[in-house]
Amino acid sequence: MKSLSERVERLAPSGIRRFFDLAGSMDDVISLGVGEPDFVTPWNVREASFAALEQGYTAYSANAGLVELRQEIRLYMQEKFSIDYEVADEIIVTTGASEGLDLAFRTLINPGDEVIVVEPAFVSYAPLIELAGGIPVAVACQAEHGFTIQPDTIEAAVTDRTKAIIFCFPSNPTGSVMSRDQLADLALLAKKHDLYVISDEIYAELSYEDEPTCFATLPDMRERTIVINGFSKAFAMTGWRLGFTCAPPAISQAMLKVHQYGMMCAPTLVQFAGIEALRSRHKTVPDMVRSYRQRRNYFVKALNDAGLPTHSPGGAFYAFPYIGGTGLTSEEFAEQLLLAERVAVVPGSVFGASGEGYVRASYASSIEQLQQAIHRINRFMQQLKHQPTELSNHSS
C-alpha cells in the first residue's frame, strides 16, 4: 500500500495524553496532569442547551456561528478588553479554541514559512504549524524572567522567512502573565518585522492580580493579530468544544473558508450554551477565579516547602515547579512519581526543550486532593533523598 502523509508520520503523540492514559490504567491516582477545570459547567449554561434541544434547534448554524452568539462575543470583547469586532466578518465561532489555532495556521502559512513559538508552549502549536507546512522556531522564556518574553530573544530568531509569532498569556504551562508594557515592546517588534501575531487568550479570564491585555488592543496590532479564545477554561466547558476567533476581515474571511470546508459550523446546541455562558459570566466566573487563587496560594507554597522551587503564576491554573535539583529528567520524575505515589504530573519537556527540568502540575483540583497530592510528593522527595547513588548517576 502507498505510504501515509509524511507530515503526519513525523508527528509524535501528545506527551500529555501518554501520562494521562498511563494514569487512567492505575488505581488511586491523583491526576494533576490534564488542564481541565474541576468545576462542572454551571447549571444555567447546561439548561440553555436543554432548552434549545427541546425547541428543536438541531440544524446547522451559519458557518461563522449563530448571529446571537457572535453578538455576545462582540459585547464581551468590548466590555472585557475595550475592543470592537464586527459580527458580520470579524468573528468566527469554532469547535474549540484548538480549531481556531488550526484555522489561523492554515490561513497564514505557506510551505516553508517560519512561525516563532514562545516556549514552554502548549503542545499543539508546533504540530499544527508543521501540518500547515510551516516551520516552528522555538524561542525560550526563562525562569529568571518569570517565563515572560524578552523581545531581544525574539528578534534574534527572526529571519526573512518568519511569518508570525504565537504565544499564550496567561501561559500554559507556566501560568506566567505579561504586563501591557511588556506586550507593547513585543508589538513594536512585530510591526518592525511585519509579523502576524496569534495571541492565544484562552486563559484571559483566569488572571489573579491584574486585568489581562488583549494583544490586538495595542497600537497598530489589530490589523495583524488573530485573537484565539474560547469557553473551555474560564467557563468549565472543556467537553463542549466551543471557541472563537477575532481578526480583521481579510484574515477572518480567509479563515472562514477553511472552517466551511473542514468543520461547517460548531454544534448548534453548544452555541446556545455559549450564549448563556457569556450572559451570566459575572455570576459564575468570579467564584471560580477566587477558588483557583486560593488553591494557587496553597499549592505553590507547599511545592516550595517540599523542595521544588516554584514561581507564583499570575493566571491559568498551573504550577511549574523546578525538579532539576533531584537529578532526574522531567520525564523520569513524572514517571517515578506516578509509579511510586500515584500522583500524575506532566513532564516539562513535552512543552518544548526549555521545559526540561520542570513539570506541570494543575491545581484545578479540590484543596483536599491537593493536600493529599502534596503529602505524597513530600514522601516521594524524601525517598529520593535516600537514593544518592541513583541520583548521582542521573546527574553525571
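Visitor: What share of the 396 residues counts as buried?
Guide: 55% of them do, with buried meaning under 20% relative accessible area, exposed over 50% and partly exposed in between (1.4 Å probe, protein chains only). Keep in mind that this is a predicted model: local features need pLDDT of at least 70, side-chain atom pairs count only at pLDDT 80 or more, and totals for chains, interfaces and linings use all residues. Residues are numbered from 1 along each chain as its sequence is written, and side-chain values use heavy atoms, leaving out hydrogens and water.

Visitor: Is Arg-281 buried or exposed?
Guide: Arg-281 counts as buried, because its relative accessibility is 10%.

Visitor: OK, and what does Arg-281 touch?
Guide: Not counting residues up to four places away in sequence, Arg-281 touches Tyr-76, Glu-79, Glu-205, Phe-235 and Pro-286; contact means heavy atoms within 4.5 Å.

Visitor: Which helix is Arg-281 in?
Guide: Helix α11, residues 281-305. Helices (H or I, at least four residues) and strands (E, at least two) are DSSP runs, numbered from the N terminus.

Visitor: Switching to strands: what's the order in the open sheet of 3?
Guide: β9-β12-β11, with antiparallel pairing; two strands pair if DSSP finds at least two bridges between them.

Visitor: Which strands stand at the edges?
Guide: β9 (318-319) and β11 (346-347); each has a single partner strand, so one side of each is left without a neighbour in the sheet.

Visitor: How many bridges join β11 and β12?
Guide: There are 2, and Pro-347 has Val-359 in β12 as its bridge partner.
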